[in-house]
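Please open the model in your viewer, colour it by secondary structure, and keep the sequence panel beside it. The tour below goes from one selection to the next.

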Amino acid sequence: MMIAEKILRMFGETEEKAFRLLYDTYYKTLVLFANQVVNDKEVAKDIVQDYLAKFWVTKPYKTLKSGLDKYIFQAVKFSAITYLKEVRRKEDSYQSFSREVMSEEDTIQLEEQVDIIKVVYQMVDLLPAERRQVFMMVFVDGMSYQEVAERLDISKNTVKTQLARALKFLRKEMKDNDISFLFIFLVKK
């Protein structure tokens, strides 16, 4: 019997022992695999650790009949690619921002924008915790709705609903405070 099939069978009996065997069997190989994608061993370790924790919490093995090894390697590959996309998106945002603040004229605008951003963050802090987290992940971290849903283990529709409610609240606050030009900041992604 192959080890993957043995592990799946064990999950039906004792989850802790099955998970320990899964971890002992695949961890090092998954780290090497993730490292091929991200080219950073420490990041690869984090990706694998995060995925294995998610695996334990979400229990996908309850619906798997076979193909455990293929499933976990595919999931780790997806996590590694998602990590690279996040890094690239942040780098692009930083470079774009850096180019904008290079000129002296933009320095004055930057000071104004910093004040505006402070006001926005003060308003964002008024949001309920879950709504604030969704807002920050989408607009600050630049994550897609699907990425937020996967990260928070909620549905994509829940992400959209939370975001819509956050924007509605913020628009109302901006209108009440005569800060309508902040809307541009809120819809910029």
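In what order do the elements of the protein chain run from the N terminus on? They run α-α-α-α-α-α-α-α-α, and the secondary structure comes to 9 helices and 0 strands, where helices (H or I, at least four residues) and strands (E, at least two) are DSSP runs numbered from the N terminus.

Before selecting anything, note that this is a predicted model, in which local features need pLDDT of at least 70 and side-chain atom pairs count only at pLDDT 80 or more, while totals for chains, interfaces and linings use all residues. Residues are numbered from 1 along each chain as its sequence is written, and side-chain values use heavy atoms, with hydrogens and water left out.

**The whole chain**

With the whole chain selected, 30% of its 189 residues count as buried; buried means under 20% relative accessible area, exposed over 50%, and partly exposed in between, with a 1.4 Å probe and protein chains only. Among contacts between residues at least 6 apart in sequence, 58% join residues at least 24 apart, a contact being heavy atoms within 4.5 Å.

**First stop: A4**

Select A4, which lies in helix α1 (residues 3-11) and counts as buried because its relative accessibility is 7%. Leaving aside residues up to four places away in sequence, A4 touches Y26, L68 and D69.

**Second stop: α2 against α3**

Two packed helices are described by the angle between their axes and the distance between the axes. Select α2 (residues 15-38) together with α3, which pack at an angle of about 145° with their axes 8 Å apart; the axes are lines fitted to C-alpha atoms, for helices over the stretch in contact, and angles run from 0 to 180 degrees between N-to-C directions. Show the side chains where they meet, and you will find among the contact residues F19, L22, Y23 and Y27 of α2 and I47, V48, L52 and F55 of α3. By class, this contact has 15 nonpolar, 2 polar and 4 charged residues, with Ala, Val, Leu, Ile, Met, Phe, Trp, Tyr, Cys and Pro counted as nonpolar, Asp, Glu, Lys and Arg as charged, and the others, Gly among them, as polar.

Next, select N39, which lies in the loop between α2 and α3. Its phi is near 60°, a positive value in a residue other than glycine, and N39 counts as exposed because its relative accessibility is 68%.

Which residues are the closest to the centre of the second largest pocket? About 630 Å³ of space lies in this pocket, and of the 22 residues that line it, D50, K54, S79, E150 and R151 are the closest to its centre. On a 1 Å grid over the protein atoms alone, a pocket is an open set of points where a 1.4 Å probe fits, with protein on both sides within 12 Å along at least five of seven lines, and lining residues have an atom within 4 Å of a point; grid points are joined across faces, edges and corners, and the volume is the space filled by probe spheres set on the points.

Select α3 (41-58), α4 (68-100) and α7 (145-152), each of which supplies at least two residues of the lining; α3 gives the most, with 9 residues. The lining divides into 11 nonpolar, 3 polar and 8 charged residues.

**Last stop: α7 and what follows**

Stay on α7, where the buried residues are E147, V148 and A149. E147 counts as buried because its relative accessibility is 10%, and, not counting residues up to four places away in sequence, E147 touches T82, K85 and R89. Between E147 and V159, which are 12 residues apart in sequence, the C-alpha to C-alpha distance is 9.8 Å.

Is D153 buried or exposed? D153, in the loop between α7 and α8 (156-176), is exposed, because its relative accessible area is 54%, and its phi is near 60°, a positive value in a residue other than glycine.

Finish with K160, placed in helix α8 and counted as partly exposed because its relative accessibility is 38%. K160 and V148 are 12 residues apart in sequence and 9.9 Å apart in space, C-alpha to C-alpha.
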